[in-house]
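Here are my notes on the model, point by point. Have the viewer open while you read.

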Amino acid sequence: MSRTISSWILSSARSSIVLQGKGHWYSICIPNRNKIKWKLVFSKTCPYPAGSCSLDSTFSFPKAFRHTSTEEHFSFQLSPAQINDILRAGELSHKTLDLNGKNTNSVLRFESNQLASNSPIEDRRSAATCLQTAGMMFGVFDGHAGAACAQAVSERLLHYIAVSLMSRQSLEEIELAVEAMKPVRPILQQHRHPNDVGYQEITSQYFENLRVYWQHLLDLDTELGFSLEEAMICAFKRLDSDISLEVQAPQENELMRNIALQVAFSGATACVAHIDSVHLHVANTGDCRAVLGVHEEDGTWSTLPLTRDHNAYDEFEIRRLKREHPRSEEKTLFVNDRLLGILMPSRAFGDVQLKWSKELQHSVLENSCDIEALNIYQYVPPNYHTPPYLTAEPEVTYHKLRSKDKFLVIASDGLWEMLSNEKVVKLVAGHLTELNVQKPPLTFKKPVNLGYMHNLLLQRKSKGLACLDQNIATHLIRHAIGSNEYGEVDPEKLAAMLTLPEDLARMYRDDITVTVVYFNSETIEDYYRNH
């Protein structure tokens, strides 16, 4: 890496940021940083005392090749192997097969990956096969003000959706099994990366609250059940309500109390896809995004967005919030393109600071332990008159899959800030094409000399560069952070972006989480032939 590039990164970063410590909460001292979702008038460093709870420390990822901006001399040099190790550390892939080794599912396979900018990463992801209902689910969750809320939502939301879709008979069977203290048949088969772990100490409480939810569904006394859209909306809203109620409930266990506080006072956006045969439903809350890649009959590729970004740039969101609040607040709902001048997304889980009354916030926090050790601060924004200002209710989109629909990309906004919908679809399509092209065998002309072999290997290597990453999510992340103005990956830029100091990395890129779902065209075509 040349001195020019490294000097530019450090000088521009140091001239544009003023930090008081390394607080993960909010900062108002960062100009031109629309990517940062929360900002507040202070930021503190609060070391966790012995015995205190921190989800951020619990779910930390290995720190590789990272520095701090206070170091006077550090290297941006990374070998190609080191770059690949960093980029591929979070790779996850899964092929869908039945017991006979065949694929009769409309989902052929999925590939996922994530790359941290925050330390630790605040994004989460989930993927699961529904065992008591039909279909598969895929979720991406973008946390802010810490990872606690995103962690909780990633662990729980798919179960809430699955329960919402279960028949009354199935719910009764589960309830009877729990009452009799018998084993309960699994609801989901999770597809996880080894780092995608849950917080075991609170799993029992999460299960009990899920049980209360299905008991509520049984009390509704409806035989027809929910439509898929209704189930997803109900699950999102119920989980967010539970997050709010859990922190208000008396809790003797300090660890569980602290987790509930961190979950409720941090936040997360969410995008979840449910795929059953040719029926695709996408539920979105916030600014994660889902885009469909379509292979047209003329051989070209087109994009079909299945979500809207819920923020100040969306006219529908602006009108919705204006309808929900008095006319006297129209000019203060969005300030500097943020909800109440604070939050980028206008829909999210958690973030009770924008949902509760001032009195309830004060009551909960004054009865808590050392909240500053949990990076939680009492702050009420100006013009806070008619809460709630924030909702977790999703917008659900339905799409009936066609044989020309080849893949679905779900990603946090860290990807979409770097790459357009069209660019993402183009990269996936190109990668798909390259994987389908078999590498030509090495053919030798006699006599063989060293120069001839060298040229032949170089030719083969150049043809294989586009297939460098077998995992398409890694391919997208590589292009997102390493592409130059010509759309090509610049090795020097890629190395610089991966070795940025922890306290400066967030200035240049966000956490990125990507899941790409490939569809089985043959199964989709069979569906239409049979129907």
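This is a predicted model: local features need pLDDT of at least 70, side-chain atom pairs count only at pLDDT 80 or more; totals for chains, interfaces and linings use all residues.

1. A polar atom of the T96 side chain sits 3.2 Å from the backbone oxygen of V107. T96 itself belongs to the loop between β1 (92-95) and β2. Is T96 buried or exposed? T96 has a relative accessible area of 10%, so this residue counts as buried.

2. For the overall picture, the chain has 17 helices and 15 strands. Of its 531 residues, 53% are buried. Take the contacts between residues at least 6 apart in sequence: 75% of these join residues at least 24 apart.

3. Next, the cysteines. A disulfide is a covalent bond between the sulfur atoms of two cysteines. How many disulfides does the model have? The count is 0. C271 counts as buried because its relative accessibility is 0%. C149 is buried too, also because its relative accessibility is 0%.

4. Now a helix pair. Two packed helices are described by the angle between their axes and the distance between the axes. Helix α3 (residues 80-88) packs on helix α14 (residues 472-482) at about 115°, and the two axes are 10 Å apart. On the α3 side the contact uses I83, N84, L87 and R88, while α14 brings T474, I477, R478 and I481. Sorted by class, that contact has 4 nonpolar, 2 polar and 2 charged residues. The crossing of α3 past α14 is right-handed.

5. Helix α15 (residues 491-498) deserves a look at its start and its buried side chains. Which residue caps the N-terminal end of α15? That residue is D490, with a side-chain oxygen 3.0 Å from the backbone nitrogen of E492. Within α15, the buried residues are L494, A495, A496, M497 and L498.

6. One joins S119 and P120, with omega at about 5°. P120 is in the loop between β2 (107-115) and β3 (123-130). Another cis bond joins P387 and P388, again with omega at about 5°. P388 is in the loop between α10 (358-366) and β13 (395-400).

7. Last, positive phi values outside glycine. M181 has phi near 55° and lies in the loop between α5 (168-179) and β5 (188-190). M181 counts as exposed because its relative accessibility is 77%. D337 has phi near 65° and falls in the loop between β10 (334-335) and β11 (338-339). With a relative accessibility of 36%, D337 counts as partly exposed.

Definitions and conventions: Residues are numbered from 1 along each chain as its sequence is written. Side-chain values use heavy atoms; hydrogens and water are left out. A disulfide is a pair of cysteine sulfur atoms within 2.5 Å. Buried means under 20% relative accessible area, exposed over 50%, partly exposed in between (1.4 Å probe, protein chains only). Helices (H or I, at least four residues) and strands (E, at least two) are DSSP runs, numbered from the N terminus. A polar contact is a pair of N or O atoms within 3.5 Å; within protein, one must be able to donate a hydrogen and the other to accept it, and residues adjacent in sequence count only if both atoms are side-chain atoms. Axes are lines fitted to C-alpha atoms, for helices over the stretch in contact, and angles run from 0 to 180 degrees between N-to-C directions. A crossing is left-handed if the near helix is turned anticlockwise from the far one by less than a right angle, and right-handed if clockwise. Contact means heavy atoms within 4.5 Å. Ala, Val, Leu, Ile, Met, Phe, Trp, Tyr, Cys and Pro count as nonpolar, Asp, Glu, Lys and Arg as charged, and the others, Gly among them, as polar.
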